[in-house]
Amino acid sequence: MIADNIKVIKDDIQRICNQCGRDSNSVTLIDVSKTKPVSMVMEAYEAGERDFGENKVQELTAKYEACPKDIRWHMIGHLQTNKIKYIIDKAYLIHSVDTYHLAEAIHKEAAKRNLVMDILLEVNVAEEESKFGLGNEEVVSMVKEIAKLTNVRIKGLMTVAPFTDNPEENRVYFQKLKQLSVDIAKENIDNVSMNVLSMGMSGDYHIAIEEGATYIRIGTNIFGVRDYKGANE
Ligand SMILES: *Cc1c(COP(=O)(O)O)cnc(C)c1O
């Protein structure tokens, strides 16, 4: 069942990329396994999946220990500075950096371990009150500041678009994130690349791919609905 769900999404990636002239290898599916058991991660793994997303530190580290080591674990949820130490050598990419304070704390923890942590800056493109993420106006100056931290490396931008029944409504936000990344790339800032755009979830990934997503983060459409309230937080 999980394998079938993955196949549907992979076929969509292929078809949409063909339609809009993109290389389908430029879009990577992240299987968002939050709240779901290791057995389900392993089902997806057996189907060939290697990129998984978690939004809680404790769940990421537990699954990291239990699962094969060639999985790339993506931290996609809000991250507290005091928990960075638990994931610094386990996360492949942190998608949710939205303050200088957090970037600096990641930099310090990475320096202690003598590694460089890849990060994305999370942008609240729709400027929703309830959401984490940088405001659109802050992004460029924040990139420039964080770029000076030697043990983090900015790879691109991430957004969580508004929840909506009509995914077309989110197209404008995906376009905005793409435009922001193009604008930043033009500035040729040292230690910054803008090759990664993490956007699109179960309800709106079709649109996100059309607008340039390189990572889509899908939970529900692979693993089914999550059973406890707050799982989206
Ligand atoms: C839960 C979550 C997802 C996956 O959401 P679905 O709608 O279940 O596909 C993607 N991104 C983030 C940041 C999430 O927290």
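1. Asp-51 and Arg-72 form a salt bridge, with 2.8 Å between the closest N and O atoms. The two residues sit in distant parts of the chain, Asp-51 in strand 2 and Arg-72 in strand 3, 21 residues apart. Note that the model is a predicted one.

2. Asp-51 is buried, at a relative accessible area of 5%, whereas Arg-72 is partly exposed, at 33%.

3. Arg-50 forms a salt bridge with Asp-70, and here the closest N and O atoms are 3.2 Å apart. Arg-50 belongs to the loop between helix 2 (38–46) and strand 2 (51–54), and Asp-70 to the loop between helix 3 (57–66) and strand 3 (72–75); the pair therefore ties together parts that are 20 residues apart in sequence. Arg-50 is partly exposed, with a relative accessible area of 24%. Asp-70 is also partly exposed, with a value of 40%.

4. Glu-109 and Lys-112 make a salt bridge with the closest N and O atoms 3.5 Å apart. Both residues lie in helix 5 (residues 100–112), and because they are 3 residues apart, about one helical turn separates them. Glu-109 counts as buried, at 14% relative accessibility, since the class covers values under 20%. Lys-112 is exposed, with a relative accessible area of 65%.

5. The Glu-109 and Lys-112 pair should be read in context. Both belong to a network of salt bridges that links Asp-89, Lys-90, Glu-109, Lys-112 and Arg-113. Over the whole structure, the search finds 19 salt bridges. As background, side chains of opposite charge can pair when their charged atoms come close.

6. Turning to the ligand, 13 residues surround it, and the closest are Lys-34, Ser-202, Gly-219, Thr-220 and Arg-226. By class, this shell holds 6 nonpolar, 4 polar and 3 charged residues.

Terms used
Residues are numbered from 1 along each chain as its sequence is written. This is a predicted model: local features need pLDDT of at least 70, side-chain atom pairs count only at pLDDT 80 or more; totals for chains, interfaces and linings use all residues. Side-chain values use heavy atoms; hydrogens and water are left out. A residue is near a molecule or strand if one of its heavy atoms lies within 4 Å of it. Ala, Val, Leu, Ile, Met, Phe, Trp, Tyr, Cys and Pro count as nonpolar, Asp, Glu, Lys and Arg as charged, and the others, Gly among them, as polar. A salt bridge is a side-chain nitrogen of Lys or Arg within 4 Å of a carboxyl oxygen of Asp or Glu. Helices (H or I, at least four residues) and strands (E, at least two) are DSSP runs, numbered from the N terminus. Buried means under 20% relative accessible area, exposed over 50%, partly exposed in between (1.4 Å probe, protein chains only).
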